[in-house]
Amino acid sequence: MVSTINYLSDVAILLTAAVVVVPLFQSMRMGGVPGFVIAGVIVGPYGFALIGNVHEIGQLAELGVVLLLFIIGIELNPTRLLMMRRLLFGLGTLQVLCTSAVLAAVVHYGFGVPLRVAILVGPALALSSTAFVLQLLGENKMLTSEQGRASIAILLLQDLAVVPLLALVSLLTMPTFNLAGDVVIALGEAVLIVAFVIFAGRYLLQPIFHRVAQSHNSEVFTAMAVLLVLGAALLMEHVGLSMAMGAFLAGLLIADSSFRHQIIAETQPFRGLLLGLFFMSMGMTLDLNLLFSHPVLLVSLVAALIALKAVVIWPLARLFGLASKRALMVSLFLAQGGEFALVIFTVALGSGLMDEVLFQQLLLVVILSMLVTPFLAFWARQLHKSESSDQHISPIQTVKEEPLSAPILIIGFGRVGQQIGQVLELAKVSFVAIDNDPTLVAREYAKGRAVFYGDAERPGVLKALGGEKAALAIIAMNDHGVTEQLVSVLRHNFPHLAIFARGHNQQSCQRLKTLGVDVAVSETLEASIELARAALANVSTPDQDVQALIDDFRRRYHEPDPLGKT
């Protein structure tokens, strides 16, 4: 009982530190990741020593990395990779290979690190912070710029590279490491794993999720999503690979599934909290005595890492058509170490490949480089502001990319929603639809329509569907109580969004407008108008008179008048 109380006390202390420190770092535009790390330093054994169960918390925090790899697996679907193939597999691959080779050579020949370890350290240091860079690009409104697209392509390839790097840890820990033989084994394992992924995704997982969704029990669906992640992670660990790799493969299983947005929303709270806990655990293991005893050496190593990565990335970006200043911006944004380097070093330490001293040195170098990144981003912003208004279009600008979201979001894809979708298709206007009927979703998804399973009352699901970037939401549901709740959810979480809704009668439409609906359409009104139109045509009323009468009636209907509308 005492140990349980102590454990809960540690969790409360960690949450308190995160709540205080992380918003402070974000307000200074330094990002959430360094905030979590510093919060861990403060409460850890090298800070105020407020936490007693550092090792146990670190084990729990590894689940955050597992869930992060799972989400990356979902987002790296084949369609998205194909549309970004030039930048992704060209610029991204060259960056990882060239930077890895340079850093591995420097680590081995310059610092005497054994070749077996340098082979892992070099590629790990070549990775940049995906969370950090995407946040900075978003804050500076550069996500869709040339330098933003190039940075995102490199980051995506780096995310893909994490999986073979985790597998490399297992290979390097073998007593007799034979490059040619082990590469063949690794390729064979990869083929078998991919075959299993295809088989399981097509014949096992989709029917299971379909059956769970039919129960309309959100708790069971959440349990199934978590079970998928943990089950795949434990399976991969059982066969000698990492849990993170198993989670990544689980994400690939549902990357093209109609359930993926709901699953992302269900696992989001666990991922964010546990990932923050992981970075805090990194901060708690950070040896500040090492920093204070060798400050010049560590600062020099951080400067060398940033300089080497920038020097390698700049010419590669120029090779792919970026102007000099934009290429320099990309190199500045990506010059830091990344969170996945911390993951890889932690796995290497646990497997015995890396000793504690080297681990602490690398940990300090990566974290310090991340803390320096906001200053590098400031320099990049100054370059961006000083850039001339040159209208030259480089080859990189012609790359077609996957749209982030459709302009119209249809909530409820029953009879009314389907008819709206058919009209939009005729007008060649793209849309994304969501419905909680798994059978309907499976049928429409099989037809190639962007219809996904999910609970629209969950803001996380709507965000996963692209609600933050959509221009219009159409609520086509028959349940007017749910419709009113949805209007409140949409208006609170997406204030910019125009909302059109289906109402039962004039009173319900007025109620929806008071809740924030821009356009409310009454079912009884439209049915009455069309029946009246047909009746007037049947008794030979001129078409122009019919239209004038209907326009007048429609106007009077929407005014507070004594017609006794129902």
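Me: Which residues of the largest nonpolar core touch the most other members?

Reply: In this predicted model, Phe 70, Phe 209, Ile 254, Ile 263, Phe 345 and Met 354 touch the most other members of that core, which has 142 residues. Helix H8 (residues 146–172) gives the most to this core, namely 15 residues.

Me: What makes Val 432, Leu 462, Ala 470 and Val 517 part of another core?

Reply: Membership requires buried nonpolar residues joined through side-chain atoms within 4.5 Å. Val 432, Leu 462, Ala 470 and Val 517 are among the 26 residues of a core that lies apart from the largest one.

Me: Which residues does Met 354 touch, leaving aside those up to four places away in sequence?

Reply: Met 354 touches Val 117, Val 121, Phe 345, Ala 348, Leu 349, Phe 359 and Leu 362.

Me: Why are strands S4 and S5 called paired?

Reply: Pairing needs at least two bridges. Four bridges join S4 (residues 472–475) to S5 (residues 498–503), so the two strands pair, and they run parallel.

Me: What makes the crossover from S4 to S5 right-handed?

Reply: With the strands pointing away from the viewer, the path from S4 over helix H21 (residues 480–493) to S5 runs clockwise, so this β-α-β unit is right-handed. S5, helix H22 (residues 506–515) and S6 likewise make a right-handed β-α-β unit.

Terms used:
Residues are numbered from 1 along each chain as its sequence is written. This is a predicted model: local features need pLDDT of at least 70, side-chain atom pairs count only at pLDDT 80 or more; totals for chains, interfaces and linings use all residues. Side-chain values use heavy atoms; hydrogens and water are left out. Buried means under 20% relative accessible area, exposed over 50%, partly exposed in between (1.4 Å probe, protein chains only). Contact means heavy atoms within 4.5 Å.
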